[in-house]
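The report below concerns a single protein chain and is meant to be read alongside its coordinates. Please keep the view open while following the sections.

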Amino acid sequence: GVIPIINENDPTCVHEIEATFGDNDKLSAMVASKIEADLLIMLSDIDGLYDKNPKRNPDAKLLSTVEEITPEIESFGGNPSSTKGTGGMRTKIEAAKICNMTGCFMVIANSAIENAILKILDGEQIGTLFLTKEDVHKNRIRWIILSKSSGKIVVDHGAKNAIEKKMSLLPSGVVDVTGNFERGDIIEIECDGYLFAKGITDYSSDELDIIKGLHTDKIVEVLGYKNYNHVIKQENIGIIN
């Protein structure tokens with residue numbers, strides 16, 4: 001057999017992958033997602049996720065299990081504007097979020113523990129176990145969510161509710177358009193400054209600037225043609241938890 005070694009630092013060109021990967025923690029989670037792995041084990045120089053930085057706080061407590069990645073859990077990874085996270089945990093928590101949406105469990109453990117991998121596979125309580133959810137995204141939706149975005153649109157609350165109910169996005173719900181993108185590009189979908197979904201657009205940014213806020217029966221009147229009644233089809237939208 002062959003054991004592949006995948007390292008984010010090795011490519012000769014990093015312009016495109018930096019926006020998608022950025023670090024080996026996230027890269028490992030995306031590989032685990034792609035091959036539909038059941039478990040991702042991250043070995044580090046720290047025992048797992050603590051509620052405080054254990055190097056600075058002797059009373060820091062190790063979390064043995066994380067059932068859900070809440071804002072509080074994310075805060076344990078350190079300030080996003082700082083590179084000084086809790087033992088380099090910020091990127092590992094981001095990786096855990098990817099695993100969570102793909103049905104893959106993740107463990108962070110100390111590499112100094114003898115036979116750490118075998119012990120984890122045997123079910124021993126080592127490090128921090130991040131649980132996963134049952135309703136996981138399909139491969140296509142995972143690809144949409146994890147891919148680099150070409151632009152952004154802002155939608156109103158009615159459109160947001162429709163998207164969350166598994167409905168397509170119509171031009172009447174689009175409030176604003178940011179960036180330059182073409183039909184078929186992946187774009188972010190925001191509401192009230194909150195990114196809640198991404199999708200494959202069926203209209204370019206220039207076209208959306210013209211038809212935003214309009215009913216579908218007005219598209220031909222203002223554009224002279226119509227690609228679709230919708231801006232983004234329901235099956236091309238990935239909701240971000």
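Just after helix 7, Lys166 takes a positive phi of about 65 degrees; helices here are DSSP runs of H or I with at least four residues, strands are runs of E with at least two, and both are numbered from the N terminus. The model is a predicted one, in which local features need pLDDT of at least 70 and side-chain atom pairs count only at pLDDT 80 or more, whereas totals for chains, interfaces and linings use all residues. Residues are numbered from 1 along each chain as its sequence is written, and side-chain values use heavy atoms, with hydrogens and water left out.

Helix 7 spans residues 157-164, and within it Ala159, Lys160, Ala162 and Ile163 are buried, where buried means under 20% relative accessible area, exposed means over 50%, and partly exposed lies in between (1.4 Å probe, protein chains only). Seen down the helix axis, these buried residues fall within an arc of 160 degrees, so they line one face of helix 7; the arc is taken over the directions from the helix axis to the C-beta atoms. As a general point, an α-helix has 3.6 residues a turn, so residues three or four places apart point the same way. The cover over the buried residues of helix 7 includes strand 5 (151-155), strand 7 (186-191), strand 8 (194-200) and strand 9 (237-239), a contact being heavy atoms within 4.5 Å. At the start of helix 7, a side-chain oxygen of Asp156 comes to within 3.2 Å of the backbone nitrogen of Gly158.

## Positive phi in loops

Most residues other than glycine have a negative phi. Asn115, although not a glycine, has a positive phi of about 55 degrees; Asn115 is placed in the loop between strand 3 (105-110) and helix 5 (116-121), and at 45% relative accessibility it counts as partly exposed.

Asp192 likewise has a positive phi, near 55 degrees, in a residue other than glycine. Asp192 lies in the loop between strand 7 and strand 8, and its relative accessibility of 62% makes it exposed.

## Salt bridges

Side chains of opposite charge can pair when their charged atoms come close. The structure holds 10 salt bridges, each defined as a side-chain nitrogen of Lys or Arg within 4 Å of a carboxyl oxygen of Asp or Glu. One of them joins Asp59 and Lys52 at 3.0 Å, N to O; Asp59 is partly exposed at 48% relative accessibility, and Lys52 is also partly exposed, at 34%.

Another salt bridge pairs Lys218 with Glu221 at 3.7 Å, N to O, with Lys218 partly exposed at a relative accessible area of 36% and Glu221 exposed at 60%. Lys233 and Glu235 meet at 3.2 Å, N to O, and here Lys233 is partly exposed at 36%, as is Glu235 at 38%. Glu74, Glu94 and Lys97, in turn, are linked in a network of salt bridges.

## Asp209 in helix 8

Asp209 belongs to helix 8 (residues 205-211) and is partly exposed, with a relative accessible area of 40%. The side chains of Asp209 and Lys212 are joined by a polar contact of 3.5 Å, a term that stands for a pair of N or O atoms within 3.5 Å, where within protein one must be able to donate a hydrogen and the other to accept it, and where residues adjacent in sequence count only if both atoms are side-chain atoms. The C-alpha atoms of Asp209 and Val177 are separated by 6.3 Å, although these residues are 32 apart along the chain.

## Cysteines

A disulfide is counted where a pair of cysteine sulfur atoms lies within 2.5 Å, and by this rule the count is zero. Cys99 is in no disulfide, and the nearest cysteine sulfur, that of Cys104, is 4.2 Å away. Cys99 is buried at a relative accessible area of 1%, and Cys191 is buried at 4%.

## The chain as a whole

The protein chain has nine helices and nine strands, and of its 241 residues 41% count as buried. Among contacts between residues at least 6 apart in sequence, 63% join residues at least 24 apart. The chain exposes about 13600 Å², of which carbon and sulfur atoms supply 49%; accessible areas come from the Shrake-Rupley method with a 1.4 Å probe, and for residues only the protein chains shown count as cover.
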